Amino acid sequence: MNQEKLIENWKYEEQQPFIGWDFSYLDGRMLEDQPEWSYSGRAAELMKQSSSVLDLDTGGGERFLKLREYWPQKVIVTEHYPPNFKLATERLSPFGAEVMDVQLSDFDPMPFDDAEFDLVLNRHAAFNPDEVARVLTIGGTFLTQQVHGLWAVDLLAAFDAKPQWANATPEKYLPRLKAAELEIVDIQDWSGELTFTDVGAIVYYLKAVPWLVPGFSVETHLKYLLDLQNQIVNKEVLTFTARKYLIEARKPTL
């Protein structure tokens with residue numbers, strides 16, 4: 001394929017819609033190793049033991065809906081991004097979940113009562129450890145899976161970009177969770193591989209996750225894309241570093 005056609009295809013890729021947190025468009029083109037733990041499996045186990053759950057930043061609700069059979073009696077989810085809030089409301093509300101527009105951060109308060117939830121779930125979202133501790137019941141559990149701050153750092157380097165939150169690591173959050181008087185039940189730190197079969201898949205991925213390479217577009221980052229294409233021509237594999245971590249913490253009984 002000549003260069004002009006390649007660029008045309010890449011520009012097509014960057015225009016494709018990304019809805020919720022669904023990367024199915026890249027099935028077979030983005031291959032991601034998975035950690036040894038199952039966040040969804042553990043979340044399901046914990047929900048079976050709970051009477052109330054708060055799912056923070058649920059995205060479009062597609063992943064939480066897959067756990068529908070394990071939902072406890074009281075279910076509240078949050079999502080702030082308007083397109084995802086609409087999707088989550090359409091998907092989850094018919095099953096009795098309350099969907100709330102809440103913007104999360106590492107330090108802001110949450111609009112919930114003290115000791116309101118037996119379980120707080122958080123997959124790849126910001127959280128304030130003090131607020132998590134406050135809204136948990138005595139004996140309640142917080143489960144979070146996070147993307148490590150150095151996720152795909154070598155992919156970013158290929159575009160002369162650096163991680164914006166390189167300190168987003170277990171070492172950042174564990175002291176804050178302990179300071180909030182939560183007991184650490186489990187901590188796991190994992191690294192694996194993230195592989196793309198073609199450069200167009202990287203184009204789609206970087207448009208879907210815009211904070212990785214801020215300002216990314218085919219036009220502005222063409223030279224980097226062509227460098228990656230040359231790696232494919234030279235039979236090199238486009239493989240980068242995937243990193244995640246999981247923390248489970250409990251509010252101790254008195």
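These exercises work through a predicted model, each with a stepwise solution.

**Exercise 1. Which residues of helix H4 are buried, and what covers them?**

Solution. 
- Step 1: Locate the helix. H4 spans residues 82-92.
- Step 2: List the buried positions. They are Asn84, Leu87, Ala88 and Leu92.
- Step 3: Check their direction. These residues span an arc of only 105 degrees around the axis, so they sit on the same side of H4.
- Step 4: Recall the helix geometry. An α-helix has 3.6 residues a turn, so residues three or four places apart point the same way.
- Step 5: Turn to the other side of H4. Pro82 and Lys86 are exposed there.
- Step 6: Find the cover. Helix H3 (62-65), strand S3 (74-78) and strand S4 (98-100) are among the elements over the buried residues.

**Exercise 2. Is His148 buried or exposed? What does its side chain reach?**

Solution. 
- Step 1: His148 is in the loop between strand S6 (136-147) and helix H6 (153-157).
- Step 2: Apply the cut-off. Buried means under 20% relative accessible area. His148 has 5%, so His148 is buried.
- Step 3: Follow the side chain. The His148 side chain reaches the backbone nitrogen of Leu150 at 3.0 Å.
- Step 4: Look beyond the neighbours within four places in sequence. There, His148 contacts Ala168, Thr169, Pro170, Asp189, Arg243, Lys244 and Tyr245.

**Exercise 3. Where does Ala125 lie, and what does Ala125 touch?**

Solution. 
- Step 1: Ala125 belongs to the loop between strand S5 (117-123) and helix H5 (129-135).
- Step 2: Read its accessibility. At a relative accessible area of 5%, Ala125 is buried.
- Step 3: List the contacts, leaving out residues up to four places away in sequence. Ala125 touches Leu56, Asp57, Leu104 and Gln146.

**Exercise 4. How many aromatic pairs does the whole structure hold? What is the geometry of Trp21 with Phe23, and of Phe159 with Tyr224?**

Solution. 
- Step 1: Take the count. A search of the whole structure gives 16 aromatic pairs.
- Step 2: Classify Trp21 and Phe23. Their ring centres are 5.2 Å apart and the planes meet at 85 degrees, so this pair is edge-to-face.
- Step 3: Compare accessibility. Trp21 is partly exposed at 26%, whereas Phe23 is buried at 15%.
- Step 4: Classify Phe159 and Tyr224. With centres 5.8 Å apart and planes at 50 degrees, the pair is tilted.
- Step 5: Phe159 is in the loop between H6 and helix H7 (170-179) and Tyr224 is in helix H9 (residues 222-233), so the pair ties together parts 65 residues apart in sequence. Both Phe159 and Tyr224 are buried.

Methods:
Residues are numbered from 1 along each chain as its sequence is written. This is a predicted model: local features need pLDDT of at least 70, side-chain atom pairs count only at pLDDT 80 or more; totals for chains, interfaces and linings use all residues. Side-chain values use heavy atoms; hydrogens and water are left out. Buried means under 20% relative accessible area, exposed over 50%, partly exposed in between (1.4 Å probe, protein chains only). Helices (H or I, at least four residues) and strands (E, at least two) are DSSP runs, numbered from the N terminus. The arc is that of the directions from the helix axis to the C-beta atoms. Contact means heavy atoms within 4.5 Å. A polar contact is a pair of N or O atoms within 3.5 Å; within protein, one must be able to donate a hydrogen and the other to accept it, and residues adjacent in sequence count only if both atoms are side-chain atoms. Rings of Phe, Tyr and Trp (its six-membered ring) pair if their centres lie within 6.5 Å; planes under 30 degrees apart count as stacked, over 60 as edge-to-face and the rest as tilted.
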